[in-house]
Amino acid sequence: MKKFISYTKSSYNIVKTNPWLCVPAILLAGAGNYTRETAEAEAANYTQLGGAERLTDAMGQLANMISQTSLLTWVVFFFAAVLFVFAATALAYIAYAWVSGAIIYGIQKARSGEKVHLSTISGHAIVHGRQLVVLQIKLTVRALVVIAGAISSSMIIAGIQGLFRAIGIDGFISFALVLISTLIIAIASAYFLILLALSAPVAIRLVVVKGLSSKLALKRGMSIAKHFTLSCLGLAAGNTFLTIFAAISFGVLSLFVPANFISLLLIGALSTVLFAALRVITEANWNQHFEYLVKKEEAHTHVKI
Amino acid sequence: MKPANLVKRISAVFVDSLLLIAISLGGLVLAVSLSQNPVETAMLSISFLVFTAIFYTLGQAYLTSELGGSIGKLVMGIKVVRGNGRHLTFKRAIFRVTIGQQLASSLLMLGYFWIFRDEKRRGWHDLAAQSEVVEGESGANLLATIVTFGALSLLSIIFTLALFKSAQNLIMQLEDVAPMIRQMDEGDGNEYEVPDSNWEEPDLSNIT
């Protein structure tokens, strides 16, 4: 707790003296502007459609139009959809890698007393961009594999339970088997996912700060997360608490602001800046903890990182 | 290298926007003219807009890396270069056009207004891509102007031809949709009896 407070104080000073660090973070902080009001308005519009009969008639005509749509249109639409998803995903990965790389490098520069400017930190992030994107893809694939593994294992257990029932083994044995195997799968999957989540911030820093390849960074990141799980978990929990606390405080404060266009625009801009700064603070906390973790890992494994 | 004149930069954005609007509208007109019903129109319009966005972005990045700027910039005689005066690489140009522009427009367009504050007239998209916009050569300017007006003239001829067909198509489609909208507004046209509030359910237990 004491360590976290000291980290946060130091991170706050870094943000205060280096406002350029917040600029890359703005890209991600301003991304989620889909409000509850928008969702409610959409839901209200949908329910205003009217009775079931009218809807059925309209749906019938719509189905008729869809069936009349030519194959060429479907092919063009399919290609457009695939292209859109591919481009959007690629851009999201690149943007995330660039933002992370720029902030982490900028924080390191600021901590060593150097002047931080968007131009210099961005250049470094672009240089490491490829490795960071590859790292993000590897992390996503691993997480998906763990989730897919958990789902398929659950299906196998359900199948085995069905088999037991079919051959007449029911009651306590079947129940105990299902319970124990489900618990094992749930705990193992949760553990791997937590390890992956904790290894990600360490691995990104190994690429940006230490210049390791994505493969080696992921390996070392996993090793550090495994050896110092509680320490990493503590910092992640502290950062999450900080973010939730800021979000709730800002939400409560924004309730007192008059609901007109200018106020909403300013509140939106203010929330973007606040969450960008918060992102830099949490990343700076990780940067400080990263150095501690690397020293501990080197002492633990007797291998220089 | 002399930073580009601000009026030229704004005019370049205006020319680029004009071109983008022309291409997008052309795509929409073409979508209407090719389709048989509103669903097909919507599908084709979305597809054309996606293709336009992607190819426009790629085209802008290609022109920036090869000639030093988008068509608007070339027309206005300005170009995007790195600190050493060379053109941007294709990857860096894509980065500038996509993530850089997104960053500049994130916080109430503050990243674009930064041009007025920076001594080298760089916006956040320029700083992120380590580029700057400077005055270019007049040769490229003339060539780009000819290419732009040629392309715009060609597009306008195609659009005018497509417009006639699409207007005809749109009227036909509206005629198809009108009964559907009318039905949704008026119901199915049948009249149903409203149950009387004094009506009591008959006792059927005595019937043998």
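Q: To start with chain B, what share of its contacts with a separation of 6 or more is between residues 24 or more positions apart?
A: In this predicted model, residues 24 or more positions apart account for 67% of those contacts in chain B.

Q: And which figure applies to chain A?
A: For chain A, 78% of the contacts with a separation of 6 or more join residues 24 or more positions apart.

Q: How many helices and strands does chain B have?
A: Chain B contains 7 helices and 2 strands. Along the sequence they follow the pattern α-α-α-β-α-α-α-β-α.

Q: What part of chain B is buried?
A: Of the 208 residues in chain B, 34% are buried.

Q: Let us turn to chain A. How many helices and strands are there?
A: Chain A has 11 helices and 0 strands. Its pattern along the sequence is α-α-α-α-α-α-α-α-α-α-α.

Q: What percentage of chain A counts as buried?
A: The buried share is 28% of the 305 residues of chain A.

Q: What about helix α2 of chain A: is it enclosed or open?
A: Helix α2(A), residues 22-29, is largely enclosed by the rest of the structure, because 7 of its 8 residues are buried.

Q: Which residues are those?
A: The buried residues of α2(A) are A:Cys22, A:Val23, A:Pro24, A:Ala25, A:Ile26, A:Leu27 and A:Ala29.

Q: What covers them?
A: The cover comes from both chains. From chain A it includes α1 (2-17), α5 (71-111), α6 (118-127) and α11 (261-301), and from chain B it includes α4 and α6.

Q: How do α2(A) and α5(A) pack?
A: Their axes are 9 Å apart and the packing angle is about 150°. An angle over 145 degrees counts as roughly antiparallel, and α2(A) and α5(A) are therefore roughly antiparallel to each other. Their crossing is left-handed.

Q: Which residues meet there?
A: From α2(A), the residues are A:Pro24, A:Ala25, A:Leu27 and A:Leu28, and they meet A:Ala95, A:Trp98, A:Val99, A:Ala102 and A:Ile103 of α5(A). By class, this contact has 9 nonpolar residues, no polar ones and no charged ones.

Q: How do α5(A) and α6(A) cross?
A: The axes of α5(A) and α6(A) come within 8 Å and cross at roughly 125°. The two helices are therefore oblique to each other, and the crossing is right-handed.

Q: What makes up that contact?
A: On the α5(A) side are A:Trp98, A:Gly101, A:Ala102, A:Tyr105, A:Gly106 and A:Lys109, while α6(A) supplies A:Ile121, A:Ser122, A:His124, A:Ala125 and A:Ile126. The residues in the contact of α5(A) with α6(A) divide into 6 nonpolar, 4 polar and 1 charged.

Q: How far apart are A:Asn13 and A:Ile26?
A: In sequence, A:Asn13 and A:Ile26 are 13 residues apart, and from C-alpha to C-alpha they are 19 Å apart in space.

Q: Now the two chains together. How many residues are in contact?
A: The contact involves 29 residues of chain B and 33 residues of chain A.

Q: Which elements of chain B give two or more residues to that side?
A: They are α2 (38-66), α4 (90-106), α6 (124-128) and α7 (138-186) of chain B. The largest share, 10 residues, comes from α2(B).

Q: Of what classes are the residues on that side of chain B?
A: The side of chain B that touches chain A has 18 nonpolar, 9 polar and 2 charged residues.

Q: Finally, how do α2(B) and α4(B) cross?
A: The axes of α2(B) and α4(B) come within 8 Å and cross at roughly 130°. That makes α2(B) oblique to α4(B), and the crossing is right-handed. The contact is made by B:Thr57, B:Gln60, B:Ala61, B:Tyr62, B:Thr64 and B:Ser65 of α2(B) with B:Phe90, B:Ala93, B:Ile94, B:Val97 and B:Thr98 of α4(B).

Definitions and conventions. Residues numbered from 1 in each chain as written. Chains lettered and ligands numbered in written order. Predicted model: local features only at pLDDT ≥ 70, side-chain atom pairs only at ≥ 80, totals over all residues. Contact = placed C-beta atoms within 7 Å. Helix = DSSP H or I, 4+ residues; strand = E, 2+ residues; numbered from the N terminus. Nonpolar A, V, L, I, M, F, W, Y, C, P; charged D, E, K, R; others polar. Buried ≥ 20, exposed ≤ 12 C-beta atoms within 10 Å, placed from the backbone. Axes fitted to C-alpha atoms, helices over the stretch in contact; angles between N-to-C directions. Parallel < 35°, antiparallel > 145°, perpendicular 65-115°, else oblique. Left-handed = near helix turned anticlockwise from the far one by under 90°.
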